[in-house]
Amino acid sequence: MRLQGKVAIVTGAGRGIGRAIAHGYGREGAAVVVNYSRSRESAENAAGAIRDAGGRAIAVQADVAHPGGHNALIEAAVKEFGGLDILVNNAGIEIHEPVLDANPETWERIIDVNLKGAYFLSVRAAAVMMGAGGGKIINISSVHDLEPLWNRAIYSISKGGLLMMVKSLALELAEYHICVNAISPGAILTDMNRSHLAQGDRRARLLEQIPLKRIGEAGDIVGAAVFLASSESDYVTGTTIYVDGGLLLHK
Ligand code: NAP
């Protein structure tokens, strides 16, 4: 098991990509803080499934947009499992809004979760990791850190910000043996895009752009997430792994 004895926080782990990563970490031996903001039942189920398989996990409610949520997550990891080795900033929201309808509230909601939340939770986590000799911070970004997404400018801006956040944190935290990286998924079928992809011929048009000719599943992100959390990636920092079926090759 590649994460035996490690303690991980995965934000937004009650559903979708975060849930798959939490399960993957549990299978690899990590104790997992399964964070949720609203999806209590599915987060409790996710943590229960890890425990049923012989692992260690607890579900913890926290809104990553607020410092109080960061404290709750760090405290849970330290009190329940004795420390913190791995943070996955996975929680994210996407709101459709044309640029010409721009609304400051939309900006605040998206940036507070996707970028500001990830930044300040990383800083809090780094303080704990420094004391323990190092750690891994992994950010679930998007191919839209490089390519703008129509009607989702603020989402794309938040992911573009993560690209520089990863590099900036990696630079300043390297001396403490904290590696900071990102995974940028392409199209992964989750609640975030299920109804959008069900409309008209959107799914078929998307498939045309994916060289590997399938839409990804949450499980497709787990291999990269385990690699970046494990000692196999100890010489990898400040970088982004694109897990997109080749989507960016057409851009
Ligand atoms: P999802 O199924 O909609 O899940 C979003 C997750 O974020 C949920 O677990 C949700 O928790 C959590 N979350 C939202 N606001 C939160 C907050 N304030 N505090 C804590 N948790 C919060 O979407 P997903 O596809 O798995 O997305 C996960 C990440 O992957 C996101 O960062 C997204 O941008 C990124 N991504 C997804 C795709 C894709 O195609 N699906 C592609 C590229 C990148 P609750 O349900 O408890 O609120």
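Predicted model: local features only at pLDDT ≥ 70, side-chain atom pairs only at ≥ 80, totals over all residues.
1. Next, have a look at the backbone around the ligand. Arg38 has a backbone N or O atom 2.7 Å from an oxygen atom of the ligand. For Gly12, a backbone N or O atom sits 2.9 Å from a ligand oxygen atom, and for Gly186 the corresponding distance, again from a backbone N or O atom to an oxygen atom of the ligand, is 3.3 Å.

2. How much of the ligand does the protein bury? On its own the ligand exposes 900 Å², and 95% of that is buried by the protein.

3. Stepping back to the whole fold, you'll count eight helices and seven strands in the protein. Its radius of gyration is 17 Å, close to the 18 Å that the globule rule gives for 251 residues, so the protein is as compact as a globular protein of that length. The C-alpha trace spans about 50 × 35 × 35 Å along the principal axes.

4. Now for the empty space. Rolling a probe the size of a water molecule over the atoms shows where such space is left. Searching the whole structure turns up one cavity of 30 Å³ or more. The largest cavity has a volume of about 50 Å³.

5. What lines the largest cavity? The residues are Thr11, Val64, Asn89, Ala91, Val113, Asn114, Ala118, Ile140, Lys159 and Leu162. By class, that lining has six nonpolar residues, three polar ones and one charged. Helix α4 (104-131) and helix α5 each provide at least two lining residues, and α4 gives the most, with three.

6. Finally, the second largest pocket, which has a volume of about 310 Å³. It is lined by 21 residues, and those closest to its centre are Gly134, Gly135, Lys136, His177 and Asp234. The elements giving two or more residues to this lining are β5 (135-140) and β6 (178-185). Split by class, the lining of the second largest pocket comes to nine nonpolar, seven polar and five charged residues.

Note on methods. Residues numbered from 1 in each chain as written. Heavy atoms only, no water. 1 Å grid on protein atoms, 1.4 Å probe; cavity = no way out; pocket = protein on both sides within 12 Å on 5 of 7 lines; lining within 4 Å. Points joined across faces, edges and corners; volume = space filled by probe spheres on them. Helix = DSSP H or I, 4+ residues; strand = E, 2+ residues; numbered from the N terminus. Nonpolar A, V, L, I, M, F, W, Y, C, P; charged D, E, K, R; others polar. Polar contact = N/O pair within 3.5 Å; in protein donor to acceptor, adjacent residues only side chain to side chain. Areas by Shrake-Rupley, 256 points an atom, 1.4 Å probe, with all protein chains shown as cover. Rg over C-alpha atoms; globule rule 2.2 N^0.38 Å.
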